[in-house]
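Please read the points below with the model open beside them. They go from the conventions to the chain as a whole, then to its parts.

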Amino acid sequence: MAGSTDLAFDWGGASIAFSVERSERHTLRIAVTPDGEVVVSAPTHAQDADIVSRVRRRGAWIVRQQARFDRWRPRTPLRQYESGETHLLLGRPYRLLCQPDPTVDVRIDGDRIILRLPLDKGLVFRRTVLRHWYGLHAHRVFPERLAAMLPPFERLGIERPRLVIRQMTHRWGSFTAKGALVLNLELIRASPSLIDYVIAHELTHALHPDHGAGWQDLLSRVMPDWRSRKDELERELL
C-alpha cells in the first residue's frame with residue numbers, strides 16, 4: 001500500500017471528511033464503515049482533486065449510509081438500577097427488585113430479577129453486579145447462537161471465529177480484520193432470533209467488508225428475513 005491521506009468535501013453546508021488508501025488497484029472504491037467513517041480505496045496515481053470530485057458525486061449516498069448506521073447504533077436509556085425498573089433478558093422483560101442483604105446475589109424469580117446486596121451499595125455497584133450477571137448469560141448464550149448460525153458460513157469456507165464479548169457504545173457487533181467476532185454485551189437483552197441476526201450480519205462481513213450488493217445477497221440467502229429482524233432489534237432495544 002502506498003499510504004493514506006485525509007481529504008474532505010463540502011456537502012449541504014457541512015464538511016464530510018474521508019480517508020484515502022492508495023494501492024496498486026485500477027478502480028476507486030468508496031465505503032462507509034458502521035462508525036460512519038468514509039474510506040476510499042484509490043489507485044496510487046490518482047490525483048487528490050479527482051478523488052474529491054468523484055467522492056462528492058456520491059455525497060447523497062454517503063449521507064444516507066451514515067444516517068442508516070446512526071440509527072443502527074444502540075441507544076440504551078440511562079438506568080438507575082432501582083426497584084421497579086424494567087430490564088430485558090433474551091427479549092423478555094423483568095421487573096428489578098432490590099433487596100437488602102449482607103451478601104450479593106442475582107436471580108430470576110418469575111417475572112422479576114431479584115438483586116440482593118447491602119444497603120450501602122449505590123448505583124455504580126448495582127450496575128456492576130448486574131452487568132456481571134448479564135455477562136455470565138452472554139458467555140453461555142452467545143457461543144450457542146454462534147454455533148447455530150455458523151454452518152452455512154462454514155460451507156463457504158469461513159472458519160469459526162474467535163468470539164469476543166464486551167461493552168460497546170456504538171454498535172451491536174463487529175467483525176475484525178483479524179477474523180474475530182465481537183458482540184456487544186448488551187445484546188444479551190435481545191431475543192435469540194435477533195442475536196442470530198447480529199451474528200449473521202457480522203459473519204457475512206468475513207466475505208464482504210462493506211454493506212454492498214454482495215453482502216446483502218449473501219445475508220439474504222442465509223437469513224431471508226434479516227431486514228425484519230433488523231427493524232425488530234431497533235424497536236426492541238433502541
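1. Conventions. Contact means heavy atoms within 4.5 Å. Axes are lines fitted to C-alpha atoms, for helices over the stretch in contact, and angles run from 0 to 180 degrees between N-to-C directions. Helices (H or I, at least four residues) and strands (E, at least two) are DSSP runs, numbered from the N terminus. This is a predicted model, in which local features need pLDDT of at least 70 and side-chain atom pairs count only at pLDDT 80 or more, while totals for chains, interfaces and linings use all residues. Residues are numbered from 1 along each chain as its sequence is written, and side-chain values use heavy atoms, with hydrogens and water left out.

2. The chain as a whole. The protein chain contains 7 helices and 11 strands. Its C-alpha trace spans about 70 × 45 × 30 Å along the principal axes. Of its 238 residues, 42% count as buried (buried is under 20% relative accessible area, exposed over 50%, partly exposed in between, with a 1.4 Å probe and protein chains only). Among contacts in the chain with a separation of 6 or more, 46% come from residues 24 or more positions apart.

3. The sheet. An open sheet of 4 strands has the order β5-β6-β8-β7, with mixed pairing; two strands pair if DSSP finds at least two bridges between them. β5 (86-89) and β7 (105-109) are at the edges and have a single partner strand each, so one side of each lacks a neighbour in the sheet. From one strand to the next, the twist averages 35 degrees.

4. Pairing within the sheet. Strands of a sheet pair through backbone hydrogen bonds, either parallel or antiparallel. β5 and β6 run antiparallel and are joined by 4 bridges; His87 stands opposite Tyr94 in β6. The hairpin of β5 and β6 has 2 residues between the strands, and Leu90 there takes a positive phi near 55 degrees. Strands β6 (residues 92-100) and β8 (residues 112-117) run parallel, with 6 bridges joining them. Cys98 has Leu115 of β8 as its bridge partner.

5. Helix on the sheet. Which strands does helix α3 lie across? Helix α3 (residues 123-149) lies across β5, β6, β7 and β8, and runs at about 125 degrees to β8.

6. Helix α1. Ile51, Val52 and Val55 are buried in helix α1 (residues 48-56). These three cover an arc of only 100 degrees around the axis, so they are on the same side of α1 (the arc is that of the directions from the helix axis to the C-beta atoms). An α-helix has 3.6 residues a turn, so residues three or four places apart point the same way.

7. Val39 is found in strand β4 (residues 38-43) and counts as buried at 18% relative accessibility. Beyond its neighbours within four places in sequence, Val39 is in contact with Ser19, Glu21, Arg29, Ile30, Ala31 and Thr33. Ser41 also lies in β4 and is buried at 12% relative accessibility. Not counting residues up to four places away in sequence, Ser41 touches Glu21, Arg25, Thr27, Leu28 and Arg29. Thr33, in the loop between β3 (29-32) and β4, is partly exposed, with a relative accessible area of 24%. Leaving aside neighbours within four places in sequence, Thr33 is in contact with Val39 and Phe69.

8. Aromatic pairs. The whole structure holds 4 aromatic pairs (rings of Phe, Tyr and Trp, the last by its six-membered ring, pair if their centres lie within 6.5 Å; planes under 30 degrees apart count as stacked, over 60 as edge-to-face and the rest as tilted). The rings of Phe9 and Phe18 have centres 6.1 Å apart and planes at 50 degrees, so this pair is tilted. Both Phe9 and Phe18 are buried. Tyr197, Trp215 and Trp226 are linked by ring pairs into a cluster.

9. Charges over rings. Arg58 lies over the face of Trp61, at 4.5 Å from the ring centre, and Lys121 lies over the face of Phe125, at 4.8 Å from the ring centre. A charge sits over a ring if NZ of Lys or CZ of Arg is within 6 Å of the ring centre and within 35 degrees of the ring normal.
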